[in-house]
Amino acid sequence: MQFGRYLEEFTVGDVYKHWPGRTITESDGVAFAMLTMNHHPLHIDANYAKDTQFGQNVVIGNLVVDIAFGMSVPDVSGKAIANLGFEKIEFLAPTFHDDTIYAETEVLEVRESASRPGQGIVTVQTRATNQRQEIVMRFNRSVLIPKAPEGTAD
């Protein structure tokens, strides 16, 4: 089983579908809210949330980002030297307790590093969808990836 890729294994336009999905439970949502000190009642108070436009608790968006990011590691950054940055994180639809998140990552750019021989930068977009096929979140990130060692077959 492969964990991560070398620079030469990335091709612009490739899409990696990450598996398995992850069902976000109420316990996950409340634990994340407490851990991150985001105590907004929309996330932790069902009585409050029932009277909002959503009618129920909403999962904190950053939890969805973190789950999708984690799901992408074996395919994208398992061999990474460093994550260089995230940009354009977008929350497109709410995620609720007991929603199942699925993620996929598309390769947007691959280039050799100008300052670090033997390494390159891969830019990807990761998207999370729920069990209803709705895209709930997406973000771009850039990752510093090593080139394959000399003598490694392609």
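Reader: Is Asp99 buried or exposed?

Author: Buried means under 20% relative accessible area, exposed means over 50%, and partly exposed lies in between (1.4 Å probe, protein chains only). Asp99 has 3% relative accessibility and so counts as buried. This is a predicted model, in which local features need pLDDT of at least 70 and side-chain atom pairs count only at pLDDT 80 or more, while totals for chains, interfaces and linings use all residues. Residues are numbered from 1 along each chain as its sequence is written, and side-chain values use heavy atoms, with hydrogens and water left out.

Reader: Which residue does Asp99 meet in a salt bridge?

Author: Side chains of opposite charge can pair when their charged atoms come close. A salt bridge is a side-chain nitrogen of Lys or Arg within 4 Å of a carboxyl oxygen of Asp or Glu. Here the partner of Asp99 is Arg132, at 3.2 Å from N to O. Asp99 is in the loop between β2 and β3 and Arg132 in the loop between β4 (119-129) and β5, so the bridge ties together parts 33 residues apart in sequence. Helices (H or I, at least four residues) and strands (E, at least two) are DSSP runs, numbered from the N terminus. Arg132 is partly exposed, its relative accessible area being 41%.

Reader: How many salt bridges does a search of the whole structure find?

Author: The search finds 10. One of them joins Arg127 to Glu104, at 3.0 Å from N to O. Arg127 belongs to strand β4 and Glu104 to strand β3, so this pair ties together parts 23 residues apart in sequence. Arg127 counts as buried, at 12% relative accessibility. Glu104 also forms a salt bridge with Lys17, where the closest N and O atoms are 2.7 Å apart. Lys17 is in strand β1 (residues 15-23) and Glu104 in strand β3 (residues 100-112), so that pair ties together parts 87 residues apart in sequence. Lys17 counts as exposed, at 64% relative accessibility. A network of salt bridges links Lys17, Glu104, Glu106 and Arg127.

Reader: How many aromatic pairs are there?

Author: Rings of Phe, Tyr and Trp (its six-membered ring) pair if their centres lie within 6.5 Å; planes under 30 degrees apart count as stacked, over 60 as edge-to-face and the rest as tilted. The count by this rule is four. Phe86 and Phe139 make a tilted pair, with 5.4 Å between centres and 50° between planes. Phe86 is in strand β2 (residues 82-91) and Phe139 in strand β5 (residues 135-146), 53 residues apart. Phe139 is buried at 0% relative accessibility, whereas Phe86 is partly exposed at 38%. Ring pairs join Phe69, Phe86 and Phe139 in a cluster.

Reader: Which ring does the charged end of Arg5 sit over?

Author: A charge sits over a ring if NZ of Lys or CZ of Arg is within 6 Å of the ring centre and within 35 degrees of the ring normal. For Arg5 the ring is that of Tyr16, with the charged end 3.9 Å from the centre. Lys79 has its charged end over the ring of Tyr6, 5.1 Å from the centre.

Reader: Which residues touch the most other members of the largest nonpolar core?

Author: A nonpolar core is a set of buried Ala, Val, Leu, Ile, Met, Phe, Trp, Tyr and Cys residues joined through side-chain atoms within 4.5 Å. The largest has 17 residues, and Ile24, Val64, Ala128 and Met137 touch the most other members. α1 (26-36), α4 (61-72), β3 and β5 each supply at least two residues. The most come from α4, which gives six.
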